[in-house]
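This report concerns a single structure, shown below.

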Amino acid sequence: MDRQERTDRRQALGAVLRDVRAECGPTLRVLAGEAERRAYETDALTAHRVLPGLVLLPADRSQVAPIVRACLRHGVPYVARGAGTGLSGGALPTESGVVIALAKLNRILDVDADRQVAIVEPGATNLSISAAVSEYGLYYAPDPSSQVVCTIGGNVAENSGGAHCLKYGFTSHHVLAVEAVLPDGSTAVLGSDDIEAPCYDAPGYDLRGVFVGSEGTCGVATRIAVRLLRKPEAVRTLVADFPDVPSACDTVSAVIAAGIVPAAIEMMDNLAIRACEDAVHAGYDREAAASLIIELDGPAEQCAELFEKVSTLCSQNACTRLRIAADDAERAAIWAGRKAAFAAMGRLSPEFLLQDGVVPRTRLAEALAGIADLSAAAGLRVANVFHAGDGNLHPLVLYREADGEAPAAEALAAAIAELCVALGGSLSGEHGIGVDKACSMPKMFSPADLAAMDRLRAAFDPSGLCNPGKVFPTPALCGEARGGAYQPHPLEETGKIQRW
């Protein structure tokens, strides 16, 4: 970027700031100092950092549209951000761009217990919804490990899942409608005519489905209607330890083959078990080669019957110890250990990269063996903790940046993601593509596939200003060395859309 371009960008930012201050007034919080902006230079994928030009915190949802319109008017890119817990660089800002931080839009606006619907703002945390509706015997099913702090707006952007997605699905299965500020500055409700009275199956194109999981590239969510579920009558949880990883994988396949769909089946290898136990003291066996956390819920009689079958299947597949949670407190302790897994990695390494590729359940053991081979070849440790029930792997590549291991770690993480595709799976199960896996997209999609997706994105955002540089490979991100990974959109070549 030359001096003139930098000057032009600073002037554009100044124009945006003048416009939004004039329209939004003093309640709009502005962070312009370098130290303040540093807090927004990365999400949880800390290997990528970009200092934004400006951070704006709307006081209410009415201030989002003026910000988007000002950015469009002056050609300034922007990204919406919640708690910054994303793991793919999806909330990574653009240099000289704007961050729209939605932390203040954190209210549960309405709960309709009879219809089992809640209307929430994007900055509301995942767990706060269940807390707000608990008195009605309801809860919100998607439960990412970061649910204490991650926000619903971010969950919508990435189509987040969680431990219980095996039975209950992902965010897309629980979002009925989204009110969003589109990149042209207009406001629309996707999925229903009325955000306050959403229907369960709106006619016409499923634009709600397009928006959920679009990684913030199609607009900024300002209100979200979510579906609530009744709390199950009974919940039973166990931890099964195994002498090797293949035995644990065989157990997962056996449970599903028996026609049993648990609420959750989670797996941890020994490296992850030891880290979690040292951090949380959840009662895990530090000597186990692999452990499964299996949870069933539903009607009490049915739950008890299926729980016995699952226990038997574990024993038949070389289980060395079966620990059954005696009460809610022990169940909470078991899950506290699992959900602390990513944070616990700090006990093993100062830095790590986390992937979330997906493989068919029948190829879990093969995938883990392949990861072990890649790990050995790279000379880096990999801890595995994942949603085994639906084959959603979460390998954590451990490295030390101070020892110059970052490039090898990034190459290993990319190789693991691409291994999942080679085994008939996907690059991402719930964390999104972001900048982390954009260069690997051509491993899964043809140039025609990528062009079709980019056309859809351009229909929402022809200016290319809404969270640019995510999902699709670009020369700036991937270079030209990865087999022609970058495929320009036809409209870009004509100048009808732009890349910041």
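## Basis of the description

The model is predicted, and local features are reported only at pLDDT of at least 70, with side-chain atom pairs counted only at pLDDT 80 or more, while totals for chains, interfaces and linings use all residues. Residues are numbered from 1 along each chain as its sequence is written, and side-chain values use heavy atoms, leaving out hydrogens and water.

## Helix α8 against α13

Helices and strands are DSSP runs numbered from the N terminus (helices H or I, at least four residues; strands E, at least two). Helix α8 (residues 245–257) approaches helix α13 (residues 364–378) to within 9 Å between axes, at a crossing angle of roughly 150 degrees. Axes here are lines fitted to C-alpha atoms, for helices over the stretch in contact, and angles run from 0 to 180 degrees between N-to-C directions. This angle makes α8 roughly antiparallel to α13; angles under 35 degrees count as roughly parallel, over 145 as roughly antiparallel, 65 to 115 as roughly perpendicular and the rest as oblique.

The crossing of α8 past α13 is right-handed, a term used when the near helix is turned clockwise from the far one by less than a right angle, anticlockwise being left-handed. On the α8 side, V245, P246, C249 and V252 meet L364, A365 and L368 of α13, contact meaning heavy atoms within 4.5 Å. The residues of this contact comprise seven nonpolar, no polar and no charged. In this scheme Ala, Val, Leu, Ile, Met, Phe, Trp, Tyr, Cys and Pro are nonpolar, Asp, Glu, Lys and Arg are charged, and the others, Gly among them, are polar.

## Helix α8 against α10

Helix α8 also packs on helix α10 (residues 300–316), with axes 9 Å apart and an angle of about 145 degrees. Here too the crossing is right-handed. Residues T251, A254 and V255 of α8 meet V310, L313 and C314 of α10. This contact of α8 with α10 divides into five nonpolar residues, one polar and no charged.

## The disulfide

One disulfide is present in the structure, defined as a pair of cysteine sulfur atoms within 2.5 Å. The bond links C439 and C478, with an S to S distance of 2.1 Å. The link of C439 and C478 is left-handed, with -100 degrees about the S-S bond. Because C439 lies in the loop between α14 (406–422) and α15 (441–444) and C478 in helix α17 (residues 475–478), the pair ties together parts 39 residues apart in sequence. Both C439 and C478 are buried, that is, under 20% relative accessible area, with exposed over 50% and partly exposed in between (1.4 Å probe, protein chains only).

## Other cysteines

The sulfur of C24 lies 11 Å from the closest cysteine sulfur, in C71, too far for a bond. C24 is buried, at 12% relative accessibility. C466 is in no disulfide, and its nearest cysteine sulfur, that of C218, is 7.2 Å away. C466 is also buried, with a relative accessible area of 2%.

C199 sits in the loop between β9 (187–190) and α7 (207–211) and is partly exposed at 30% relative accessible area. Beyond its neighbours within four places in sequence, C199 contacts L176, G191 and S192.

## Helix α3

In helix α3 (residues 64–74), the buried residues are V64, A65, P66, I67, V68, A70 and C71. Just after α3, G75 adopts a positive phi of about 70 degrees.
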